[in-house]
Amino acid sequence: MKERVQKFGRFLSGMVMPNIGAFIAWGLIAALFIPDGWLGWWGPAAAINAMVGPMLSYLLPILIGYTGGRAIGGQKGAVTGALATLGAIASTESTMFIGAMICGPLGGWCIKKFDERMEGHIPAGFEMVVNNFSVGIIGGILAVLSIFAIGPACVVVTDVLGAGVQFLVNHSLLPLTAVLVEPAKVLFLNNAINHGVFTPIGTEQAAELGKSILFMIESNPGPGLGLLLAYCVAGKGETRSSAGAAAVIQFVGGIHEIYFPYVLMNPIVILGPMIGNVCGIFTLSMLNGGLVAAASPGSIIAELMMTPKGGYFANIAGIAVAAVVSFLISAFLLKFFGKDASLAEAQARVAASKAASKGQAVESTTGASVDIQSVKKIVFACDAGMGSSAMGATMLRNKLKDAGVTGIEVIHHPVSEIPGDCQIVVTHHELSGRAAQRAPQARIIPIKNFMGAPEYNDLVHELAEAQKGGGSAPAPAEEKAQEAAPQGETLLERKNIVLGCAPVTPEEAIKACGRRMVESGYVDEAYIQGMLDREASFSVAIGSHVAIPHGTNDVKPLIKRTGVVVMTYPEGIDWNGDKVKLVVGIAAKGEEHLEVLGRIVAIASTDEDTDKLVASADAEKLFTTLNGLA
């Protein structure tokens, strides 16, 4: 069930996250230039505000449909999905985000199936004609279908949600309104709910009592703030880095729509804002909170401006409770169920699945085709370029040498610094999308296990077959890559070999390595957080019961000198589903650590090797072996 939820969340993320910039642009324009916005009084504001409606009704849904179609069916699927989405938009005045999330993937799927059926049956010279007309015909049919089926069905869904909210209001079940309000908000029904349901009823209450709690049910900025702060702490990748700015826009600017995509990418986290709002409404009810009029936009500034005299404590408490509860629940759900993704990563998974279904090797997440005989440079890429990629490069280099393959340089780099002249990039499958964006000319090989990936043998076999009958001189760079930096006790000191550790959590193991690095003068204290951030991006467990904690590329400046820490856990650590018995902490300013990593590859290349090594580990033997003194 967990995997299905994650898969669904990743797919929604693949449609929404690449378009976050457009959502932010729309939110900023709306916050500033709508009549009640911060600059609504300015003369040209009305002309600028004219963009708000078309962006919400047309641009954003079509972008989502286009992106969803592309994830399934490539560029042709993108155009087909956009056409289908336009039909849903034309069917109603409601905002068609739900329709876009249906029409986009549907368009991509239809064109993909058409292409599969036509493969090998198109006469030479007619490929462009068939491609263009298939998109036009299938897209047109889906657009008509969307007008009469998909669009109306989405309207029914939104009407049911609105009716549910009205029922709860009518029956004095205010805290439970959040159960429908928060999901409905994420479906972009916030304005309809707030101004169509709560504002008319709340206005009557305010006229009689001087205030109404109904004005705060939808507009309370606390639940969204809690969710976005949870992403700042427990999110991964691009969502973590963008959530801080989104939190400011949401809480201060009152543009709640900014956090909706963060829910859509991990649907289960809707429980955070939902339960947070339930607690917030309950707090407001207990403390007799409420506003004198509707807060528009729903920012903390507007909430305070509409708070009656003597009501500040109750209203601030309601907002704070909602934010804290939403944060705690959302952070927990992100920690154990959350999964970050991007469009590029979704495309990588689609390409991998398509190739696997046909029994082919994945050539590239970007469609680039590489002549295997022309390969001169292979790059292993990981987040920081100092750990898993270095070990993977060493392992592949050894396999190529054993197979007699020469003339190919095998190097490692951070994924953000992949050189433009490489022909093949090997990287973790969760980084394959970023690698494809960085090196569109290269063939991307996504792997899950840097230590024992089966893709290594397939690649070596391909390269060996390509060199049969030819052969070339060994690459000087490859020879250099095998050379070690000057040996010495400073890389792996005796005091930093710790044997027989009791089982702990991955976070505790990382912190233990980090503390020894700090005590040994390898890194500053803040490097430890970089190690934890690296693990949050994706696991540093690289297979063969080995984990290599190290910092992200951002904290490299915190490294004072290169050093390695080795810790063994004979009983094993449950490392997010993987078993780890050998933990090798790394702080590397340059390439000095590569010799140590190469020796670890040699003695711990399989699960059995590592288990045997850990079971018979002797500190002095490890010291001499890994430092090359034996």
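A: Of the 630 residues in the protein, 53% are buried (buried: under 20% relative accessible area; exposed: over 50%; partly exposed in between; 1.4 Å probe, protein chains only). The model is predicted, so local features need pLDDT of at least 70 and side-chain atom pairs count only at pLDDT 80 or more, while totals for chains, interfaces and linings use all residues. Residues are numbered from 1 along each chain as its sequence is written, and side-chain values use heavy atoms, with hydrogens and water left out.

Q: How many helices and strands are there in the protein?

A: The protein has 23 helices and nine strands; these are DSSP runs (helices: H or I, at least four residues; strands: E, at least two), numbered from the N terminus.

Q: Which residues of helix H22 are buried, and why?

A: An α-helix has 3.6 residues a turn, so residues three or four places apart point the same way. In H22 (residues 607–615), the buried residues are Thr-610, Leu-613 and Val-614. They cover an arc of only 95° around the axis, and therefore lie on the same side of H22 (the arc is that of the directions from the helix axis to the C-beta atoms). Glu-608, Lys-612 and Ala-615, on the other side of H22, are exposed.

Q: Is His-545 buried or exposed?

A: His-545 is buried, at 14% relative accessible area. This residue sits in the loop between strands S6 (541–543) and S7 (546–547), and its phi is positive, about 60°, although it is not a glycine.

Q: Where does Asn-288 lie?

A: Asn-288 belongs to the loop between helix H11 (271–287) and helix H12 (300–305). Its phi is also positive, near 60°, and Asn-288 counts as exposed at 52% relative accessibility.
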